Amino acid sequence: MSASATMAGERTGAIGPGRLVLVVGPSGAGKDTLLRLAQAACADDHDIVFPRRIVTRESSADEDNVALGPDEFRRACEHGDFAVHWDAHGHSYALPLDINDDIRAGRTVVANVSRTVIGALRQAYADIVVVAITAPPDVLAARLAARARQSDSNIAERLARSVDDRSAQADVTILNAGGADYHARQLVRVIRNEGWHD
């Protein structure tokens, strides 16, 4: 995967006191499904924020992103509108700058990011938790085949990439091979800082 990160904002000190929960994992691991379920479970908690990513791809049933064309994305980047941005799978991705206001206000921000930006984010924010979501290779293959977005790169190439605890610098790993509701509850416990085992 080709990915790079650029940070905007303060370099003098880590942004806090809120928490930034970063969800990472290979394509087809079910990150968006678990995030949707976790967001629904946390809907009444105004101290937990799930920002919409900005992506140079149309929004879909699989991902409710803010779609920008490549030129719009570049201009927004040059204008400093993003907290972080990266390139992966032939698209550009970003998190909005206003997550910094949420974190400064003590809220928990939960976002799906590329593992390539974790190092930069750990330096920029005071309280980071990385959750790696993965699944067995046959499950990943079936999910990718069912999704089959034409704008995505070759499925075989995507399956060749995997996320393990070391490469993701994960604090918690969820093997999403069972029921989505169960694994979403694990994710919610991490988000609420309650541990993640039953």
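At 46% relative accessibility, D171 counts as partly exposed, a class that lies between buried (under 20% relative accessible area) and exposed (over 50%), computed with a 1.4 Å probe on protein chains only. The side chain of D171 forms a salt bridge with that of R122, at 3.3 Å from N to O; the term denotes a side-chain nitrogen of Lys or Arg within 4 Å of a carboxyl oxygen of Asp or Glu. R122 belongs to helix α4, whereas D171 sits in the loop between α7 (165-168) and β10, so this pair ties together parts that are 49 residues apart in sequence. R122 is likewise partly exposed, with a relative accessible area of 31%. Helices (H or I, at least four residues) and strands (E, at least two) are DSSP runs, numbered from the N terminus.

The model is predicted, so local features need pLDDT of at least 70 and side-chain atom pairs count only at pLDDT 80 or more, while totals for chains, interfaces and linings use all residues. Residues are numbered from 1 along each chain as its sequence is written, and side-chain values use heavy atoms, with hydrogens and water left out. The predictor's confidence in each residue, pLDDT, runs from 0 to 100. Its mean over the protein is 82, and 78% of the residues reach 70 or more. Residues 1-6 stay under 50, and for them the model has 21 contacts beyond four places in sequence, a contact meaning heavy atoms within 4.5 Å. Over residues 158-166 the pLDDT is also below 50; this stretch has 27 contacts in the model beyond near neighbours in sequence.

The sheet comes next. Strands of a sheet pair through backbone hydrogen bonds, either parallel or antiparallel. Here five strands form an open sheet in the order β3-β8-β2-β9-β10, with parallel pairing; two strands pair if DSSP finds at least two bridges between them. The edges are β3 (48-49) and β10 (172-175), each of which pairs on one side only. Strand β10 has a covered face, comprising V172 and I174, and an uncovered face, comprising T173 and L175.

Helices pack on this sheet. Helix α1 (residues 31-41) touches β2 (19-24), β8 and β9 (128-134), and its direction makes about 155° with that of β8. Axes are lines fitted to C-alpha atoms, for helices over the stretch in contact, and angles run from 0 to 180 degrees between N-to-C directions. Helix α8 (residues 180-191) lies across β2, β3, β8, β9 and β10, running at about 165° to β10.

Which residues of α1 are buried? They are K31, L34, L35 and A38. These residues lie on the same side of α1 because they cover an arc of only 100° around the axis, the arc being that of the directions from the helix axis to the C-beta atoms. The buried residues of α1 pack against β2, β8, β9 and α8. Beyond this helix, D45 occupies the loop between α1 and β3 and is partly exposed, at 28% relative accessible area. The C-alpha atoms of D45 and R192 are separated by 10.0 Å, although the two are 147 residues apart along the chain.

The remaining topic is charge pairing. Side chains of opposite charge can pair when their charged atoms come close. The count of salt bridges comes to six. One of them joins D127 and R19, at 4.0 Å from N to O. D127 lies in the loop between α4 (118-124) and β9 and R19 in strand β2, so the pair ties together parts that are 108 residues apart in sequence. D127 is partly exposed, with a relative accessible area of 29%, whereas R19 is buried, at 9%.

A local pair is found in helix α2 (residues 70-79), where D71 and R74 lie three residues apart, about one turn of the helix. Their side chains meet in a salt bridge of 3.9 Å, N to O. Both are partly exposed: the relative accessible area is 46% for D71 and 40% for R74. Salt bridges that share partners join D71, R74 and E78 into one network.
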